[in-house]
Amino acid sequence: MDDRTLRVLEYDKIKAMLADCAASSLGRRRAEALQPRTDLRWIEDRLAETTEMRRLMERFGQPPFGGLTDVGELIARARVQGILDPEELLRVSDFLRCSRRMREYLERGADLAPRLALLGDSVISRPEIEDEIARCIDDNANVRNNASPELQRLSAQAEVLERRVRDRIKSILRRETDRGTLQE
């Protein structure tokens, strides 16, 4: 289709309306990038998938998109640098949880949506990574003291040192108060 036809059809407005319905930034970007297709086979395949999704939603409700965010940049950076901060790890965990739930949703409806079930086979499911992140990072993006044996040892050592410093300060304050050199 030429640009004039797309303008007359207000194709940009249609894409904007679709993008506003997207459940994630990933979906929004895909909607904004859509271009008309003329390949009848491709169109029929997408319509069949749409019909299947409608059936799934009628039976099981909305797909589990909670936690779906674009973690592509994080993964690419982790491959190069090998490090993500705790908040970034939580984003990865949320993405993995969403992926796993979506895969389960599609598998559960395989009888209603065989095409989507096949697509679901390619959806990432890595519960062991989700579990490891949850073991090491709490919901507030704090590294848990027991994330590693070394961190656990250092945390215990820090607690002992903190207790000693507090005790020492109390001792000094008591002594100086008894001498009369400290007042309220």
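Predicted model: local features only at pLDDT ≥ 70, side-chain atom pairs only at ≥ 80, totals over all residues.
Alanine 141 is buried, with a relative accessible area of 15% (buried means under 20% relative accessible area, exposed over 50% and partly exposed in between, for a 1.4 Å probe and protein chains only). The residue sits in the loop between α8 (127-136) and α9 (149-179), where helices (H or I, at least four residues) and strands (E, at least two) are DSSP runs numbered from the N terminus.

Residues are numbered from 1 along each chain as its sequence is written, and side-chain values use heavy atoms, with hydrogens and water left out.

Most residues other than glycine have a negative phi. Glutamate 10 also has a positive phi, near 55 degrees. Glutamate 10 belongs to the loop between α1 (3-8) and α2 (11-20), and with 42% relative accessibility it counts as partly exposed.

Turning to the helices, the axes of α6 (residues 86-108) and α8 come within 9 Å and cross at roughly 145 degrees; axes are lines fitted to C-alpha atoms, for helices over the stretch in contact, and angles run from 0 to 180 degrees between N-to-C directions. The crossing of α6 past α8 is left-handed, a term used if the near helix is turned anticlockwise from the far one by less than a right angle. On the α6 side, Leu89, Leu90, Val92, Ser93, Leu96, Arg97 and Arg100 meet Pro127, Ile129, Glu130 and Ile133 of α8, contact meaning heavy atoms within 4.5 Å. Sorted by class, this contact has 7 nonpolar, 1 polar and 3 charged residues (Ala, Val, Leu, Ile, Met, Phe, Trp, Tyr, Cys and Pro count as nonpolar, Asp, Glu, Lys and Arg as charged, and the others, Gly among them, as polar).

Serine 99 also lies in α6. Serine 99 is buried at 7% relative accessibility, and it touches Val123 and Ile124, not counting residues up to four places away in sequence.

Finally, a search of the whole structure finds 0 disulfides, a disulfide being a pair of cysteine sulfur atoms within 2.5 Å. The sulfur of cysteine 21 is 18 Å from the closest cysteine sulfur, in cysteine 98, and is therefore too far away for a bond. Cysteine 21 is exposed, at 67% relative accessible area, whereas cysteine 98 is buried, at 3%.
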